[in-house]
Amino acid sequence: MKKILITGGAGFIGSHVVRRFITSHPEYHIVNLDKLTYAGNLLNLKDVEHKPNYRFIKGDIVDAAFIDQLFKTEKFDSVIHLAAESHVDRSISNPLDFVMTNVVGTVNLLNASLKNWKGAYGEHRFYHVSTDEVYGSLGEKGLFTETSAYDPHSPYSASKASSDHFVRSYQDTYGLNTVISNCSNNYGSHHFPEKLIPLAINNIRQNNPIPVYGKGENIRDWLWVEDHARAIDVIFHQAKAGSTFNVGGHNEWTNIDLIRLLCHIMDLKLNRPEGSSEKLITYVTDRAGHDLRYAIDSNKLQKELGWAPSLQFEEGLGKTVDWYLANTDWLNNVTSGNYQFYYQEQYSDR
Ligand code: NAD
Ligand code: TYD
């Protein structure tokens with residue numbers, strides 16, 4: 001039975017990837033390594049935690065000695081690496097946390113893979129999950145392709161760009177079998193309510209202001225998180241060593257149009273008069289260095305590996321709202337304690 005290490009499996013995307021691999025690949029033993037930061041939550045995997053082909057290990061990828069020992073004892077066959085600090089606003093307040101986890105943590109995993117797989121790199125795979133934000137910002141036209149130049153603007157995207165470069169360098173220098181995918185903004189269940197969509201859902205349900213940065217004209221390309229997990233499955237199994245794939249939804253929305261759609265859906269679901277949620281929209285000070293537009297060209301993935309997004313945005317957003325309204329305990333749990341402090345710090349002087 002092959003043993004696959006998934007890092008960051010208690011987070012938003014990681015939990016969907018872990019669930020998919022446990023259930024779709026009973027031939028694998030899945031080990032989920034996660035530090036359980038504010039963004040990691042074992043409740044995200046409650047439905048699958050007792051599966052016989054799954055195990056959780058709490059640990060920090062920044063701790064090189066721990067990672068080295070873990071690889072020695074566990075003898076992983078492959079790695080799917082998602083653990084990261086992932087929120088742009090937090091990276092503006094605390095860039096060093098992003099350097100440590102996203103850059104140093106990734107290099108620790110690469111080093112441990114190199115050491116433990118020596119002489120047999122072809123039989124193992126290091127899959128690094130990354131973001132389209134490494135490409136920087138688009139103007140009104142054009143799409144990011146796999147050959148777009150890296151041009152990160154936030155400490156978050158700079159740290160992810162750096163980790164991508166390290167992964168590629170280990171392929172080129174040492175012959176490690178690596179794959180990288182760069183995905184657009186994900187949405188769906190278990191998304192921590194610091195990011196736009198779950199934050200807005202949580203605020204609307206509580207009749208709190210919906211903070212829209214700047215004029216709300218920035219554009220993001222939204223992908224259903226389960227479509228991303230399926231892309232990771234396909235790429236992990238079929239991509240050539242050293243290759244890169246862009247993953248995206250062909251689904252561009254300005255933030256303000258997205259929020260208006262969400263308000264409309266929430267009014268219907270909460271039986272509120274049409275237009276009542278929109279009254280909560282509040283324009284606030286823009287994010288520093290705010291990228292104008294992200295949009296992905298995922299033709300390579302579609303043509304070479306046959307992947308395509310499955311859900312229309314309206315349907316996916318409706319399902320997402322349903323999940324949050326049915327899981328208010330989850331929301332209340334993750335927004336108690338430190339979240340209040342974070343929210344105060346981020347939004348009080350905007
Ligand atoms: P997330 O913040 O929800 O989850 C990150 C997980 O990593 C958490 O469970 C956290 O506990 C864990 N973690 C953080 N630091 C760690 C450390 N030092 N050691 C071990 N575990 C640690 O993030 P996400 O949105 O699920 O993103 C997952 C990955 O996908 C990231 O690499 C991110 O850059 C990438 N990505 C995210 C998006 C998106 O829209 N969210 C889009 C493209 C790519
Ligand atoms: P976010 O979900 O943080 O993802 P990213 O910055 O990685 O794309 O933000 C998505 C967009 O929404 C981005 O343009 C910033 C904007 N935004 C707001 O307008 N208000 C908010 O409260 C947040 C968190 C984000």
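Begin by selecting Y156, which is buried, with a relative accessible area of 9% (buried means under 20%, exposed over 50% and partly exposed in between, using a 1.4 Å probe and protein chains only). The model is predicted: local features need pLDDT of at least 70, side-chain atom pairs count only at pLDDT 80 or more, and totals for chains, interfaces and linings use all residues. Residues are numbered from 1 along each chain as its sequence is written, chains are lettered from A and ligands numbered from 1 in the order in which they are written, and side-chain values use heavy atoms, with hydrogens and water left out.

**Aromatic rings**

The whole structure holds 20 aromatic pairs (Phe, Tyr or six-membered Trp rings with centres within 6.5 Å; planes under 30 degrees apart are stacked, over 60 edge-to-face, the rest tilted). Because F98 belongs to helix α4 (residues 95–116) and Y156 to helix α5 (residues 155–174), the pair ties together parts 58 residues apart in sequence (helices, H or I of at least four residues, and strands, E of at least two, are DSSP runs numbered from the N terminus). F98 is also buried, at a relative accessible area of 1%.

Next, select Y38, F192, Y213, Y339, Y342, Y343 and Y347, which form one aromatic cluster.

**W222 and its surroundings**

Move to W222, in the loop between β9 (219–221) and β10 (223–224). W222 is buried, with 4% relative accessibility. Now display F313: its C-alpha atom and that of W222 are separated by 7.8 Å, although the two residues are 91 residues apart along the chain. Apart from neighbours within four places in sequence, W222 is in contact (heavy atoms within 4.5 Å) with residues including N185, Y187, L196, W253 and F313.

**Two loop residues with positive phi**

Select H190, in the loop between β7 (186–187) and α6 (196–205). Its phi is near 65°, a positive value in a residue other than glycine, and H190 is buried at 10% relative accessibility. Then select N207, in the loop between α6 and β8 (210–213). N207 is not a glycine, yet has a positive phi of about 60°; this residue is partly exposed, with a relative accessible area of 49%.

**Last stop: α1 and α7**

Finally, show helix α1 (residues 12–24) with helix α7 (residues 225–238). Which residues of α1 meet α7? They are F12, I13, H16, V17, R20 and F21. Their partners in α7 include V225, A229, I232 and F236.
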